[in-house]
Amino acid sequence: MNILLELFVVTFRVLWAFVLAAAKWLVRPKEKSVAGQVCLITGAGSGLGRLFALEFARRRALLVLWDINTQSNEETAGMVRHIYREMAEAAAAGAPRGDGEKDALPHCNLQVYTYTCDVGKRENVYSTAERVRKEVGEVSVLVNNAGVVSGHHLLECPDELIERTMMVNCHAHFWTTKAFLPKMLEMNHGHIVTVASSLGLFSTAGVEDYCASKFGAVGFHESLSHELKAAEKDGIKTTLVCPYLVDTGMFRGCRIRKEIEPFLPPLKPEYCVKQAMRAILTDQPMICTPRLMYMVTFMKSILPFEAVVCMYRFLGADKCMYPFIAQRKQATNNNEAKNGM
């Protein structure tokens with residue numbers, strides 16, 4: 001009898017979860033404040049990482065920027081400092097804050113810290129994390145954003161590049177989380193963001209290493225989320241970000257069927273990050289951009305494999321990466337020829 005009662009309670013909770021999810025579609029939840037909190041972003045030197053840094057800066061977070069490229073990382077830091085200065089000047093002039101957020105920290109205390117770190121190297125991650133704890137403090141928001149792509153067909157891809165892709169796109173999430181999660185658990189406070197990809201939910205031809213690394217990142221994130229729930233650490237939030245193709249140049253040349261492309265163009269990076277920020281600041285567990293990606297993932301789960309192949313071929317998604325790979329190969333050949341001169 002007890003199990004029947006428990007089954008009834010579980011059924012009610014599942015239905016109630018649907019109601020709450022629907023309510024959030026109708027009524028936008030209030031965004032939480034990250035003012036004064038330490039936010040660490042990997043891969044902050046360019047692309048989505050840079051845009052995440054600027055968005056968190058506008059919300060008055062203390063930023064810790066990691067990137068393997070020192071120059072580009074410093075460029076991002078310069079943009080962040082410019083935002084801090086603008087906010088300080090607006091505060092000095094008595095201008096009201098646009099987001100209605102009360103000051104939780106004097107503007108003069110807003111700082112950005114840069115660290116050159118190769119997240120594909122475990123010891124580099126741990127040693128840099130220790131420096132952050134000593135020089136900045138404990139991290140409250142961890143954005144695992146760094147990513148690479150080899151741009152080779154499987155049989156043409158050097159083993160070293162496959163390993164590099166897995167290390168940066170997947171294994172690094174383990175290391176950064178292990179470095180900063182213990183204090184989050186102690187405080188029962190924090191937020192871990194995994195920037196994955198729609199190619200971590202469904203795959204396509206020609207990017208086996210990239211898809212495997214993103215599937216790994218998604219699996220890691222989901223298991224971590226369940227572990228935090230099992231430990232009843234409800235103060236630590238997680239958000240999984242799975243965007244469609246983003247126009248950052250990472251997959252330049254990637255094309256789907258030309259008749260379909262106007263209806264499903266590459267995402268603008270700014271739009272992608274704004275959608276992700278809304279999800280993070282409202283503690284949304286997962287965000288797929290655009291929403292059509294939810295449907296694609298659902299269809300992939302229920303349709304026979306041959307039906308999925310038919311859909312891919314109709315959309316031109318089966319070989320969408322081939323032009324990108326061809327461009328990468330041509331660029332590599334040109335560089336080799338130039339170096340041989």
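This is a guided tour of the structure above, one selection at a time.

Before you click, know that this is a predicted model, in which local features need pLDDT of at least 70, side-chain atom pairs count only at pLDDT 80 or more, and totals for chains, interfaces and linings use all residues. Residues are numbered from 1 along each chain as its sequence is written, and side-chain values use heavy atoms, with hydrogens and water left out.

**Stop 1: the core**

Start by selecting Phe52, Phe56, Leu63 and Trp66. These residues have the most contacts inside the largest nonpolar core, which has 90 residues. A nonpolar core here is a set of buried Ala, Val, Leu, Ile, Met, Phe, Trp, Tyr and Cys residues joined through side-chain atoms within 4.5 Å. Buried means under 20% relative accessible area, exposed means over 50%, and partly exposed is in between (1.4 Å probe, protein chains only).

Now keep Phe52 and show what is around it. Contact means heavy atoms within 4.5 Å. Setting aside neighbours within four places in sequence, Phe52 is in contact with Ile41, Val143, Asn145, Val195, Val273, Ala276, Met277 and Ile280.

**Stop 2: H2 against H3**

Helices (H or I, at least four residues) and strands (E, at least two) are DSSP runs, numbered from the N terminus. Select H2, residues 47–58, together with helix H3, residues 70–92. Their axes come within 9 Å and cross at roughly 20°. Axes are lines fitted to C-alpha atoms, for helices over the stretch in contact, with angles running from 0 to 180 degrees between N-to-C directions. H2 and H3 are therefore roughly parallel to each other; angles under 35 degrees count as roughly parallel, over 145 as roughly antiparallel, 65 to 115 as roughly perpendicular and the rest as oblique.

On the H2 side, color Arg50, Ala53, Leu54, Ala57 and Arg58; on the H3 side, the contact residues include Met79, Val80 and Ile83. By class, this contact of H2 with H3 has eight nonpolar, two polar and three charged residues. For these classes, Ala, Val, Leu, Ile, Met, Phe, Trp, Tyr, Cys and Pro count as nonpolar, Asp, Glu, Lys and Arg as charged, and the others, Gly among them, as polar.

**Stop 3: H5 and its partners**

Select H5, residues 159–187, with H6, residues 208–230. The axes of H5 and H6 come within 8 Å, crossing at roughly 15°. That makes H5 roughly parallel to H6, and H5 passes H6 in a right-handed crossing. Among the contact residues are Thr165, His173 and Phe174 of H5, and Tyr210, Ser213 and Phe220 of H6. In all, the contact of H5 with H6 divides into 13 nonpolar, six polar and two charged residues.

Zoom in on Thr165, which is found in helix H5. Is Thr165 buried or exposed? Its relative accessible area is 1%, so Thr165 is buried. Beyond its sequence neighbours within four places, Thr165 is in contact with Val148, Ser150, Cys170, Asp209, Tyr210 and Ser213.

Next, bring in H4, residues 122–135. H4 and H5 pack at an angle of about 30°, with axes 9 Å apart. The crossing of H4 over H5 is right-handed too.

**Stop 4**

Most residues other than glycine have a negative phi, and most peptide bonds are trans. Arg60 sits in the loop between H2 and strand E2 (62–67), and at 0% relative accessibility it counts as buried. Asp283 also has a positive phi, of about 55°. Asp283 lies in the loop between helix H7 (269–281) and E7, and is partly exposed, with a relative accessible area of 26%.

Finish at Thr289 and Pro290, joined by a cis peptide bond with omega about -5°. Thr289 is in strand E7, while Pro290 is in the loop between E7 (286–289) and helix H8 (292–302). Thr289 is buried at 4% relative accessible area. Leaving aside neighbours within four places in sequence, Thr289 is in contact with Cys242, Pro243, Tyr244, Leu267, Tyr271 and Gln275.

Methods. A crossing is left-handed if the near helix is turned anticlockwise from the far one by less than a right angle, and right-handed if clockwise.
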